[in-house]
Each structure stands twice: as C-alpha cells, then as structure tokens.
Amino acid sequence: MRLKYLWLFILLTTFISAQAEEIKTSKDGAYVDLPLKQALRLTNQQNIEIDVAEFDRKIAKLGVKVANGYNFGKLDATIMGLRSNDAGNVFGFKLQSREATFGDFGFDQFLGGVGQALQMSGGDFTAFTKMMQNPQMSGQLLSTVPDQLNYPDPRNHFDVKLMYMIPLYTGSKLSNYKKIAQDMVRMARLDKQKVEAQKSFEVRKTYYDISLLDKFVRDLSTIKRNILRLRDATIEFKKEGYAKKTDLLEVEAKLSNVERMIFQAKANRELSYDFLSFLLDHEVKSIKHVSLDTFDCKIPLENVLRRNRDIKKAELGLEIQGKMIDVTKSAFKPEVGAFVEYGSSDNTFLGDFTDHDRYTFGVKAQWNLFNGGVDKNKLEQEKLKRMKVKRQVELAKKGIALKYKKIITEIANADVQVASLKKEVELAQEIYNNYQERYKEGLASINDVVIKQSEQIEKLLNLLKTQNMRNQKILEVYRLAY
C-alpha cells in the first residue's frame, strides 16, 4: 500500500510540475508572459547556434569511432575486368588463372623442328642424337620464333580479390590518436557549454533590458502626465493673462521631448523582443519582468577559476599536447602489420572460381633508422608547443582573475552610484513638484519648472544607464563562471 501511495504522489507531483511549467502562448503561437527560467530552458533546446555546437560535438564523437576503427584494419574487395593482346599480359593472365600450357610457349613450332630432324635421321635414334648435337641444327631450333607466345590472340581477364590488412604494432600511435579524439570530444563539449553560457548571458541581459525599458517607460509616462497637467494649468494661466505664449510653447516642447523619449524606449523594447525571439528561435510577445534590485553576484574567485571554460579548454589543450608528444615518439619505434589476400582469376567472370583460386598471407615490419633528424626535430617542436600551452594556461588563469577583480570593482562602484542616483531622482521629483506648485501660485516661472523637469529626466536617464551597466557586469561574472 505504501508503494502504491508513493507512486501516486510521484505522478501527482509530476503533473503539478508540468502544469506549473506550462508555457503560455497567444493565438498565433507566440510566447506570452514567458518567465526567465523557461526562456533559458527553451534557449538550450531551440537556439540555432547551440544546435550548431551540438553538431560539432557529435562530429567529434564520431571521430573517436574513426580513430578506434583503424585498430581493426581494413578489408578491400577488388573486381577487375581487362582485355588485351599484349604478349606479357596474355601470358600473365593465363598463368594467374592457372591455365598456361606448353603450347603458350610455342612448343608446337619447336616440336615441329624436332620432328623434321627425326625424319632426316630415318628414325635412327643414334643418328638423331648426333644431329641434335650439331651446333648448327640446335641453334636453328632454339632460334625458332614462337608465334603463339609473341602474337597471342586477345584474351579477357576477370580478377576478383579480397585483401585484409591489420596493424599489429604501431608504437602506441593509434592508441594515442584515440585518446586525442576522446579529448576532442571533451573540447567540443566545452565549446557547446561556452555557447550555452553566451546565449544564457544574452537572454538574461535581454530580460533585464526589457524590464529596465518598461520601468523607464512607466517613469516617463508619469512625467508626461505631470507635463500634461502643467500644460493645462499654463493654458488656464494664459487665458487669465498670467502666462505668455512662450510659456506654453516651452511646456509643449518639453512634452514633445518626453513623447520622443517614450517612443525611442518602446522601439528599443521591440528590438529587444526581436532579439529574444531570435535567441529562442520562436516569437516572444511578452515576458515576466525580473527584479532589478535583488539581482546580485556573490560568486567567489575560486569558483570562477574552477568552472571557467576557457581555463578548462586551455588545460585540456595541455593534455592533448602531452599526447601529441607520445604520438611523435612512436616514429622512433618499428611498425608491424599483417595481411592476407584471397582471390581468383578467369577469362569469364567468376568462372571456375574454386579451381583458379589463390591466397597469400604475410607479415611486414618497418623501422626507420635515419631520416636526417626529422623525427628528432619534430619531437622537440612538440615539447616546445607543450611548454607554450602550459604558459598559456597560466596566462588564462591570471587573465580571468584580473578580469573578475575588475568587474567586481565596477559592480561595487555601480552599487554606490545606483544608491546615490535613486536619492537624486527622488530629490529631483520633489523639487519638480515644489516648483510646479510655486508656478501655479505665481512664485516661479515656467522656465524654472521646465529646467527642473529636465534635471529630473536627466537623473532618471543616468539611473537607467547605471543600472543597465551594473546588471551587465553581474551577468559577465556569471558568464565567466558558468
């Protein structure tokens, strides 16, 4: 019973989680009210650049199988069809298909000369022997040109052959190549993770950009409403003679300026949504805003140095370079391989295959004893490369540490600036409200009110830029560490 309830609980939890993670879409399929957490997950699943990096990882993974495959040797099948009247070829074809006869040597013509000598001797074997010992007679027989051998008829030749070759010892070259291929898989995985970190950085930054822009639009909309009220008051004052036309024009110019800034902010927000849709490879119409004040970074330097992918890639490159030294050392060792060949030849395709079949097998050992010091110098090159990569690893660690400290310092400065600017924005708002009331009472000019309004907007812009810079620096720390 307990197990039954446990399964029900798991199913219920899974269902609730699935419902909670359900993505909202509009009628046209676009994402709406998309949370940052879901956007990051969708980016890893749908981003085109991450897909490309995944292809590179799969390609590198197949490279391991390629390197491993060389250990099993190779089996080649060769099928060849020929036709020739070349004397050497025709005789070779017959010999290879085990069909050569003495007639192919022109023995019919040779035996014809022997028969004539036998007739001249009257059948007397003693006389025949003496006649054959005569240099003139024997020379005449040996100088006979065999037409069948020199001018053979054209012949077809079909050859079917299987050859299997396998390396027995390569001085650990193949095993080291396999290890390097495995390291390249790890390298491709790190490259993909780096792309994922970059896309995560861009998605997070876009979310904070949109949230900042929406907050900026809201603040500007509040300022616009204040200016509209000021314009209405100025129109009334003008009717009563307390305000001039230039006063109204100043207010309307400020209103136009604020409307222009709102339009630009909305246009930038649309561009941010377009970029977010590009990152997710799917249209996004709206997001759930992220908190701008609680976003912080508390990742210690030790974690950054331990997790940073550039450092991991440099360290992996050092390992690969060490294996390359082992590969180069294999040039000083012998190589041993074995092969076996089986085939058959005939003047018809696959004719009398088993009667004309043949086989060959053997072992070959090769050891280079001297090549002008090429292998020795290559080994020195690889050792120097390893020393270079080792220094590059040290440089990467120190460079990342320096960059981390610089960013942390910039974040601390931005925190102080944001706190100060928030107070300045609040003060500018109060000063503007005060001057607006004084204007209504005739104690301040419209020019003074517009100036205070401009100062308020300037402070608001400075706050926006500083918050944006702060968030970007925090995201850069996350990009260093993840």
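**Stop 1: aromatic rings**

A search of the whole structure finds four aromatic pairs. Rings of Phe, Tyr and Trp (its six-membered ring) pair if their centres lie within 6.5 Å; planes under 30 degrees apart count as stacked, over 60 as edge-to-face and the rest as tilted. Select phenylalanine 158 and phenylalanine 349, which form an edge-to-face pair with 6.1 Å from centre to centre and 75° between the planes. Phenylalanine 158 is in strand β2, while phenylalanine 349 is in the loop between β3 and β4, 191 residues apart. Helices (H or I, at least four residues) and strands (E, at least two) are DSSP runs, numbered from the N terminus.

The model is predicted: local features need pLDDT of at least 70 and side-chain atom pairs count only at pLDDT 80 or more, while totals for chains, interfaces and linings use all residues. Residues are numbered from 1 along each chain as its sequence is written, and side-chain values use heavy atoms, leaving out hydrogens and water.

Buried means under 20% relative accessible area, exposed over 50%, and partly exposed in between (1.4 Å probe, protein chains only).

**Stop 2: the largest pocket**

Next, select Met165, Ile166, Pro167, Gly337 and Ala338. The largest pocket holds about 390 Å³ of space, and of its 15 lining residues these five are the closest to its centre: Met165, Ile166, Pro167, Gly337 and Ala338. On a 1 Å grid over the protein atoms alone, a pocket is an open set of points where a 1.4 Å probe fits, with protein on both sides within 12 Å along at least five of seven lines; lining residues have an atom within 4 Å of a point. A volume is the space filled by probe spheres set on the points, which are joined across faces, edges and corners.

Colour β2 (155–169), β3 (335–346) and β4 (357–366), the elements that give two or more residues to this lining. Which of them gives the most? β3 does, with five residues.

**Stop 3: the second largest pocket**

The second largest pocket has a volume of about 280 Å³. Among the 17 residues lining it, Lys173, Ser330, Ala331, Glu335 and Asp375 are the closest to its centre. Two or more lining residues come from each of α9 (173–240), α12 and α13 (374–440).

**Stop 4: threonine 328**

Stay with α12 and select threonine 328, which is found in this helix (residues 309–329). Threonine 328 is buried because its relative accessible area is 13%. Its side chain reaches the backbone oxygen of methionine 324 at 2.9 Å. Apart from neighbours within four places in sequence, threonine 328 is in contact (heavy atoms within 4.5 Å) with Asp375, Lys378, Leu379 and Glu382.

**Stop 5: alanine 243**

Go to the loop between α9 and α10, where alanine 243 is found. Alanine 243 counts as buried because its relative accessibility is 9%. Now select glycine 442 as well: alanine 243 and glycine 442 are 199 residues apart in sequence, yet 9.4 Å apart in space, C-alpha to C-alpha. Leaving aside neighbours within four places, alanine 243 is in contact with Thr234, Phe237, Lys238 and Tyr439.

**Stop 6: helix α2**

Finish at helix α2 (residues 36–46), where Leu36, Gln38, Ala39, Leu40, Leu42 and Thr43 are buried. The buried residues of α2 pack against α3 (48–69), α9 and α10 (245–280).

Note on methods. Polar contact = N/O pair within 3.5 Å; in protein donor to acceptor, adjacent residues only side chain to side chain.
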